[in-house]
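Here is a walk through a two-chain model, going from the contact between the chains to a few local details. Have the structure open while you read.

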Amino acid sequence: MQIKKNEVKGLLVELLAVVAYIGVFFMMTLALMM
Amino acid sequence: MLIPLATSLLLGEWNPFFDFLITLAISTTLGLSLLLIGRETRENKSYVQWKHGLVVASLSWVILMVLCAIPYALSGHVYSFLDACFDVMSGFTTTGLVLTQDLDHLSLGLNMWRHMLTFIGGQGMIVLALTFLLKETAGAYIFYVGEGKDINLVPNVKGTARIIWKISLIYLLIGTIALWINGMLIGLSPLSAFFNGLFIFESAWSTGGFAPYTQNMMFYHSFSYEIITIVFFILGSLNFGLHYAAWSGNKKEILKNVETQSFFITTFITSALAVIALAKSGIYTDAVSMFRRVVYNVLSAHTTTGFNNVYAIQFAKEWGDFGILIMVVAMLIGGSACSTAGGFKGLRVAIVFKAFIADIKRLLSSERNVKLFRFHHIKDQILTDGLVKASALIIICYMVTFTIGTALGAYYGYPLSNAAFEMASVTGNVGLSIGITTPFMPVALKVYYIIAMYLGRLEFISVFALIGFIIGGVKKIWIK
């Protein structure tokens, strides 16, 4: 099973997108609790 | 079965080792017998029709459920064989409801078995067979569709199945390492941290919800552990087509895809409403505990994972009817089509919603104006009546299954809100429990839950084909 450079980039983008998504949800919780 | 067998052997767990050996012997005997029975058909190279594919896909799940339940039944951790079948179906369908008793003292071999079943179930048994076992793939696409996965990442079905497994195995490596390191940082021994990391990743990626301990995610008492699981259960609930597009360099697809847009909107609304409702009740007083106890559980419900970090009784006693209603909606919507998630899927919600808006626009525009409506899912697609009808039909099937199950729960004396919560969890293949799923629940409810998990996972059509095939066979025999 080979992993291409392009696939690593895509994987990192996906991980980053989900971390950003979690960040948005945390900010939303923070805002609603204020 | 060889992996849990090897685990038991290496760790010197002799009882589960022999349980797996017995199961392996029974499965091999049955497999060889079926090969002998079907020899004539194989030699004639009979043409596989759609009905055969759908029936084989759905029937294979039932046979595998019975065979895979044998190690559970032999372990002595279940009260009956039906309970063992329940747990296997819960694993295969990535639901995560548990009837196995004394999870905290389960052997590592059996734990490996439980979590492997949910991991394989997430990807699909046919997909597994196509990737690693079968050489001939004639008619394979029909079996593959029969299992509820109808995406073509590359022109041939075997290639698509391989891509699905490649994505899953790469994430398995990353996720297990991340959870392993985090496990050691929170005080687990390296070996225990490894197995916990592996098991929790398998559950998270498959949106399964199994955990090696009774307390589920509460056992770890770790915010970072919870954050890592959120990352992987959200990734697991995304369409494999989306993963493939992102990995092939089409990164904008993540933002453009109608399914991710729908997922973001519905998760945001349900999480915000749950936070508002529970802030009003004053149970969780700061943002971190609100995020950990409320947003985590809503996301776990919406992605149909089923990890929980509050007790079942807390949902019933603290969340109130409004909180339960939000969870029911989240569990029914579920994750993405062609992912490891359940529910009636974000894509169908988006299609029906877009069709609704399109109808309103048509009403407001001139009768002479014929307009095509489009949506973007991997590529630009036209919103046809056939597509809307198919999506609406599946949503109706889910709702009917959910309503019957809720009524059955209420009939057996459970409060309506609790019956609805548990049934949404079963229909959507989620795995969160409000306390109904126990070995002492009525047998009819157990059987209905098994059927509902099965229907929800295979998305009805294959199972209906199997039922039709059986009725047709009985009719023929009756006429003869």
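How many residues of chain B are in contact with chain A, and how many of chain A with chain B? The count is 24 residues of chain B against 21 residues of chain A, where two residues are in contact if their C-beta atoms, placed from the backbone, lie within 7 Å.

A quick word on ground rules. This is a predicted model, in which local features need pLDDT of at least 70 and side-chain atom pairs count only at pLDDT 80 or more, while totals for chains, interfaces and linings use all residues. Residues are numbered from 1 along each chain as its sequence is written, and chains are lettered from A and ligands numbered from 1 in the order in which they are written.

**Where the chains meet**

On the side of chain B that touches chain A, at least two residues each come from α10 (157-185), α12 (223-236), α13 (240-247), α15 (258-281) and α16 (287-302). Helices here (H or I, at least four residues) and strands (E, at least two) are DSSP runs, numbered from the N terminus. By class, that side has 17 nonpolar, four polar and three charged residues; Ala, Val, Leu, Ile, Met, Phe, Trp, Tyr, Cys and Pro count as nonpolar, Asp, Glu, Lys and Arg as charged, and the others, Gly among them, as polar.

Chain A itself has one helix and zero strands, and its C-alpha trace spans about 50 × 15 × 5 Å along the principal axes. Of its 34 residues, 15% count as buried. A residue is buried if 20 or more other C-beta atoms lie within 10 Å of its own, exposed if 12 or fewer, and partly exposed in between, with C-beta atoms placed from the backbone.

Axes are lines fitted to C-alpha atoms, for helices over the stretch in contact, and angles run from 0 to 180 degrees between N-to-C directions.

| Helix pair | Axes come within | Crossing angle |
|---|---|---|
| α1(A) (5-33) and α12(B) | 10 Å | roughly 120° |
| α20(B) and α21(B) (416-427) | 8 Å | roughly 140° |

The angle makes α1(A) oblique to α12(B); angles under 35 degrees count as roughly parallel, over 145 as roughly antiparallel, 65 to 115 as roughly perpendicular and the rest as oblique. On the chain A side, the contact includes A:Leu15, A:Val18 and A:Ile22, and they face a set in α12(B) that includes B:Ile227 and B:Val231.

As for the pair inside chain B, α20(B) is oblique to α21(B). Its contact has nine nonpolar, five polar and one charged residues.

**Inside chain B**

In α19(B), the buried residues include B:Leu347, B:Val349 and B:Ile351. The buried residues of this helix pack against α15, α18 (320-333), β1 (374-377) and α20 (385-411) of chain B.

Now for some loops. B:Asn309, between α16 and α17 (312-317), is buried, with 21 other C-beta atoms within 10 Å. Its C-alpha atom is 6.4 Å from that of B:Arg293, 16 residues apart along the chain.

Most residues other than glycine have a negative phi. B:Asp102, in the loop between α6 (81-92) and α7 (108-123), has a positive phi of about 55° and counts as exposed, with 10 C-beta neighbours inside 10 Å. B:Thr207, in the loop between α11 (190-205) and α12, has a positive phi near 50° but is buried, with 35 other C-beta atoms within 10 Å.
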